[in-house]
Amino acid sequence: MDEPDPAARPRRRSFTAEYKARILDEYDALPARGTRSALRREGLYTSHIAEWRKVRDAGAIEADRQGPQGQAFA
């Protein structure tokens, strides 16, 4: 059986702290119903928003933005 080409494997996306903060700010500024789905244009799911919000509320996004000693998160 042939081994699959490792270069062809999908790569997990990663997002910078600045990107996450910008998306959360934009998402939180939208009305509660209807237009929040507009963030789907970024290919994001509500699970991204929920997880990033948890991390932000714990202070990790700001710590990550301030330097290499900040807490890393997915």
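Ring pairs link Phe15, Tyr19 and Trp52 into a cluster, where rings of Phe, Tyr and Trp (its six-membered ring) pair if their centres lie within 6.5 Å, with planes under 30 degrees apart counted as stacked, over 60 as edge-to-face and the rest as tilted. This is a predicted model, in which local features need pLDDT of at least 70 and side-chain atom pairs count only at pLDDT 80 or more, while totals for chains, interfaces and linings use all residues. Residues are numbered from 1 along each chain as its sequence is written, and side-chain values use heavy atoms, leaving out hydrogens and water.

**The overall picture**

- The chain has three helices and zero strands; helices (H or I, at least four residues) and strands (E, at least two) are DSSP runs, numbered from the N terminus.
- Of the chain's 74 residues, 23% count as buried, meaning under 20% relative accessible area, with exposed being over 50% and partly exposed in between (1.4 Å probe, protein chains only).
- Take the contacts (heavy atoms within 4.5 Å) with a separation of 6 or more: residues 24 or more positions apart account for 53% of them.

**The aromatic cluster**

- By the ring rule, the count comes to three aromatic pairs.
- One of them joins Phe15 and Trp52 edge-to-face, at 5.1 Å centre to centre and 65° between the planes.
- That pair links distant parts of the chain, as Phe15 sits in the segment before helix H1 (17–29) and Trp52 in helix H2, 37 residues apart.
- Why does Trp52 count as buried? Because its relative accessibility is 2%.
- Tyr19 and Trp52 pair up edge-to-face too, with 6.2 Å centre to centre and 80° between the planes.
- This pair also links distant parts of the chain: Tyr19 belongs to helix H1 and Trp52 to helix H2, 33 residues apart.
- Leaving aside residues up to four places away in sequence, Tyr19 touches Glu42, Leu44 and Trp52.

**The nonpolar core**

- The largest nonpolar core has eight residues: Tyr19, Ile23, Leu24, Tyr27, Leu39, Leu44, Ile49 and Trp52. Such a core is a set of buried Ala, Val, Leu, Ile, Met, Phe, Trp, Tyr and Cys residues joined through side-chain atoms within 4.5 Å.
- H1 and H2 each supply at least two residues of this core, and the largest share, four residues, comes from H1.
- In soluble globular proteins, nonpolar side chains tend to be buried together.

- The buried residues of H1 are Ala17, Tyr19, Lys20, Ala21, Ile23, Leu24 and Tyr27.
- Which residues of H2 are buried? They are His48, Ile49, Trp52 and Val55.
- Looking down the axis of H2, these buried residues fall within an arc of 130°, so they line one face of the helix; the arc is that of the directions from the helix axis to the C-beta atoms.
- The face of H2 turned away from the buried side carries the exposed residues Thr46, Lys54 and Asp57.
- After H2 comes Gly59, whose phi is positive, near 90°.

- The chain averages a pLDDT of 77, and 66% of the residues score at least 70; pLDDT is the predictor's confidence in each residue, from 0 to 100.
- Over residues 69–74, pLDDT stays under 50, and the model has twelve contacts beyond four places in sequence for them.
- Where pLDDT is low, the predicted coordinates should not be read in detail.
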